[in-house]
Amino acid sequence: MRTEQITSAQNPKVRRLLELQEKSKARRENGLFVVEGRRELEHCLEGGYEADTVFWCPEILAELPDCGQELTIEVPAQLYNKIAYRGGTEGVIAEMKARPHSLEDLRLSENPLVVVLESVEKPGNLGAVLRSADAAGADAVIVCDPLTDLYNPNLIRSSIGGIFTVQSAAATSEETIAWLKGHGIQILTAQLQDSEWYYETPMKQGTAIVIGTEATGLTDIWREAADAHIKIPMLGKLDSLNASVSAAILLFEAVRQRNA
């Protein structure tokens with residue numbers, strides 16, 4: 001492991017770090033993404049990711065945990081505060097090696113529980129769904145036709161590292177439907193039209209809960225592929241919930257049924 005000391009924000013290594021934080025194109029081209037904070041970094045390492053470069057501020061974090069990184073860059077607090085994506089990240093920022101998120105890489109339990117999100121737009125929503133999926137012990141979260149980068153810093157932050165604790169994949173809707181059917185997983189689509197109450201729908205078997213955007217809902221390909229359509233009671237004047245809230249409600253109904 002090599003160690004360098006950097007004090008200037010104009011250093012090329014610092015500029016690359018900032019570019020990785022800000023641009024999905026840079027993350028794709030370099031095959032790297034950024035993780036801030038000891039907790040998120042630990043989740044990332046436990047998830048099998050490898051560190052490339054670690055920026056460490058000894059003034060904030062007395063001892064750097066073993067990350068197996070190729071390069072450690074020591075920076076003063078003044079510079080660290082400039083490069084940190086958010087405050088209170090405990091003096092460590094790591095550039096991690098990205099890896100594929102394909103359906104074929106997912107490893108399922110005997111009775112899988114999966115969340116599918118179609119065209120989710122906001123990283124914060126996806127991050128919140130990952131947290132719920134982790135809490136519910138779901139096998140995986142699949143993002144169909146994704147409009148957000150799975151390594152977006154806001155996603156990592158909002159998931160509190162859940163992107164590393166829950167298996168995730170990105171694929172088209174067509175690919176995902178074929179994969180679910182090939183694994184004998186029933187497809188339950190969350191929608192208002194032609195639906196049953198979610199708590200009256202069996203979820204003890206292998207189940208995929210499919211949720212669309214708040215604005216337009218699910219596309220027809222999912223409505224037609226579904227084994228059942230389910231809905232959540234809406235007793236007020238609004239007709240939809242935030243996608244992450246819907247996911248949490250439906251996930252824990254599956255947990256309730258399976259533990260009844």
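**Two helices side by side, and beyond**

Tutor: In this predicted model, the axes of helix H5 (residues 123-135) and helix H10 (residues 243-259) come within 8 Å and cross at roughly 15°, where axes are lines fitted to C-alpha atoms, for helices over the stretch in contact, and angles run from 0 to 180 degrees between N-to-C directions. H5 and H10 are therefore roughly parallel to each other (angles under 35 degrees count as such), and H5 passes H10 in a right-handed crossing, the near helix being turned clockwise from the far one by less than a right angle. On the H5 side the contact (heavy atoms within 4.5 Å) is made by Asn125, Ala128, Val129, Ser132, Ala133 and Ala135, while H10 brings Ala243, Ser244, Ala247, Ala248, Leu251 and Phe252. Of these residues, 9 are nonpolar and 3 polar, with no charged ones; here Ala, Val, Leu, Ile, Met, Phe, Trp, Tyr, Cys and Pro count as nonpolar, Asp, Glu, Lys and Arg as charged, and the others, Gly among them, as polar.

Residues are numbered from 1 along each chain as its sequence is written, and helices (H or I, at least four residues) and strands (E, at least two) are DSSP runs numbered from the N terminus. Local features need pLDDT of at least 70 and side-chain atom pairs count only at pLDDT 80 or more, whereas totals for chains, interfaces and linings use all residues, and side-chain values use heavy atoms, with hydrogens and water left out.

In the loop between S3 and S4 is Cys67, which counts as buried at 8% relative accessibility (under 20% relative accessible area, 1.4 Å probe, protein chains only). Leaving aside neighbours within four places in sequence, Cys67 is in contact with Leu41, Leu45, Ala51 and Val54.

Strand S9 (residues 186-190) has 4 of its 5 residues buried, so it is largely enclosed by the rest of the structure. S9 pairs in the parallel sense with S11 (residues 207-211) over 4 bridges, with Ile187 opposite Ala208 in S11. S9 also runs parallel to S12 (residues 228-231), joined to it by 3 bridges, and the bridge partner of Thr189 in S12 is His229.

Finally, consider two single residues. Thr176, in helix H8 (residues 173-182), is buried with a relative accessible area of 0%, and, not counting residues up to four places away in sequence, Thr176 touches Leu103, Val116, Ile142, Cys144, Ala171 and Trp222. Ala140, in strand S7 (residues 140-144), is likewise buried with a relative accessible area of 0%, and its contacts, with residues up to four places away again left out, are Leu106, Leu113, Val114, Val115, Val166 and Gln167. Ala140 and Thr165 are 25 residues apart in sequence and 9.6 Å apart in space, C-alpha to C-alpha.

Technical notes:
Parallel < 35°, antiparallel > 145°, perpendicular 65-115°, else oblique. Buried < 20%, exposed > 50% of the residue type's maximum accessible area, 1.4 Å probe, protein only. Pairing = 2+ DSSP bridges.
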